[in-house]
Amino acid sequence: MGAAPRGKPGNKVVPDAAAWVFNIVTSVGIIMVNKALMGTHGFAFVTTLPGIHFATTALVALVLKSLGYLEPSYLPLPELMKYVIFANISVVGMNASLMWNSVGFYQISKLSMVPVLCMLEVLFVNIRYSRDTKLSIIVVLLGVAICTVTDVSLNTKGLIAAAVAVCSTAFQQHYIHHLQNKYSLSAFNLLGHTAPAQAASLLLLGPFVDLWLTNNRFDTYRYNNVVTFFIALSCVIAIGTNLSQFICIGRFTAVSFQVLGHMKTILVLTLGFIFFGREGLNVHVAFGMILAIVGMIWYNHASSRPGGKECQDYREQVPVHQVDIELVDQPPLVKPDGKN
């Protein structure tokens, strides 16, 4: 075939890579800060803290909008409410799952998010995956499971929490991609709509949920300068984490975000071994990490190939003149009436 059209894959490599690096750096950063905040200083209010994060993000979006850096955009209230419900259930469900389940089962539940998202894309977007794409996803999940899943114990309450968490998070991430495409919203524009609603609801309900989960009250915690600094730092990094999540899901899909996002798990493990000692590092874990990385490389290659991951009705949705340009070297595929 001839040269690739201008503005196609070659020009997307740098911004795509930048989006992933932005997400990985901010995600790993907030994990490290929150680990210090919660583990070292006992700030266990894991539902209220995201409310503070979203309040900070909403404030930044409001300032940028007032300065003219964000264009006016529209998101219907029913769509906003559906998204906020999914997102808030996800926050509470993930925290409850972590509290009621063993770490091993919690990790398995997070891994199960990928097949759930694949099912959503098949059902609602009519996406079809090639055999290589499916196998590469399995390799990634297997590798991450090998290096992260240890003890696995199961109880009814924890199973229900995990199921709610996985389904709500999958719907939330799928909905991000849907809303950005349907209403032509940039990542920050969508955050500008959703962050205030999430902040208000989580700050209102968060203290009560945290009291239920931890038996500790947010307002009676003994704050000091160090804790206040970590909370502020967590809020600053959270702006980047929230924005990068919306950018990545908008540019790619929720499935790709989850699959390639497991690189963050591998990176966190690696940094932990480098800075906090090699306890727990063995051949078993190293093999899992290598397998996961190989799977991610395979997924990136397989899903980007023609037919690797595509909408079944794609050709019917493309205008006839675009089909003719794209398939200029394959005239037999285009019927005289302009349809495939």
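Trainee: How many salt bridges does a search of the whole structure find?
Mentor: The model is predicted, and side-chain atom pairs count only at pLDDT 80 or more. With that condition, the search of the whole structure gives a total of five.

Trainee: Where in the chain do E79 and K82 sit, and what separates them?
Mentor: The side chains of E79 and K82 form a salt bridge, with N to O at 3.6 Å. Both residues belong to helix α3, which covers residues 77–100. They are three residues apart there, so the separation is about one helical turn.

Trainee: Is E79 buried or exposed?
Mentor: Buried means under 20% relative accessible area. E79 has a relative accessibility of 7%, so E79 counts as buried.

Trainee: Which helix holds K182, the partner of E79?
Mentor: E79 also forms a salt bridge with K182, and the closest N and O atoms are 3.4 Å apart. This pair links distant parts of the chain, 103 residues apart. E79 lies in helix α3, while K182 lies in residues 156–183, which is helix α7.

Trainee: What is the N to O distance in the salt bridge of R131 and D132?
Mentor: R131 is exposed, with a relative accessible area of 66%. D132 is partly exposed at 25%. Their side chains meet in a salt bridge with an N to O distance of 3.9 Å.

Trainee: How far apart are the end C-alpha atoms of residues 80–99?
Mentor: An unreviewed UniProt entry places the feature "transmembrane region" at several spans, including residues 80–99. In the model this span is 100% helix and 0% strand. Its end C-alpha atoms lie apart by 29 Å.

Trainee: What is the corresponding end C-alpha distance over residues 196–214?
Mentor: Residues 196–214 are among the spans given as "transmembrane region" in the unreviewed UniProt entry. The chain there is 100% helix and 0% strand. The distance between the end C-alpha atoms is 26 Å.

Technical notes
Residues numbered from 1 in each chain as written. Predicted model: local features only at pLDDT ≥ 70, side-chain atom pairs only at ≥ 80, totals over all residues. Heavy atoms only, no water. Salt bridge = Lys/Arg side-chain N within 4 Å of Asp/Glu carboxyl O. Helix = DSSP H or I, 4+ residues; strand = E, 2+ residues; numbered from the N terminus. Buried < 20%, exposed > 50% of the residue type's maximum accessible area, 1.4 Å probe, protein only. UniProt positions renumbered as here; feature names shortened; annotations may be inferred.
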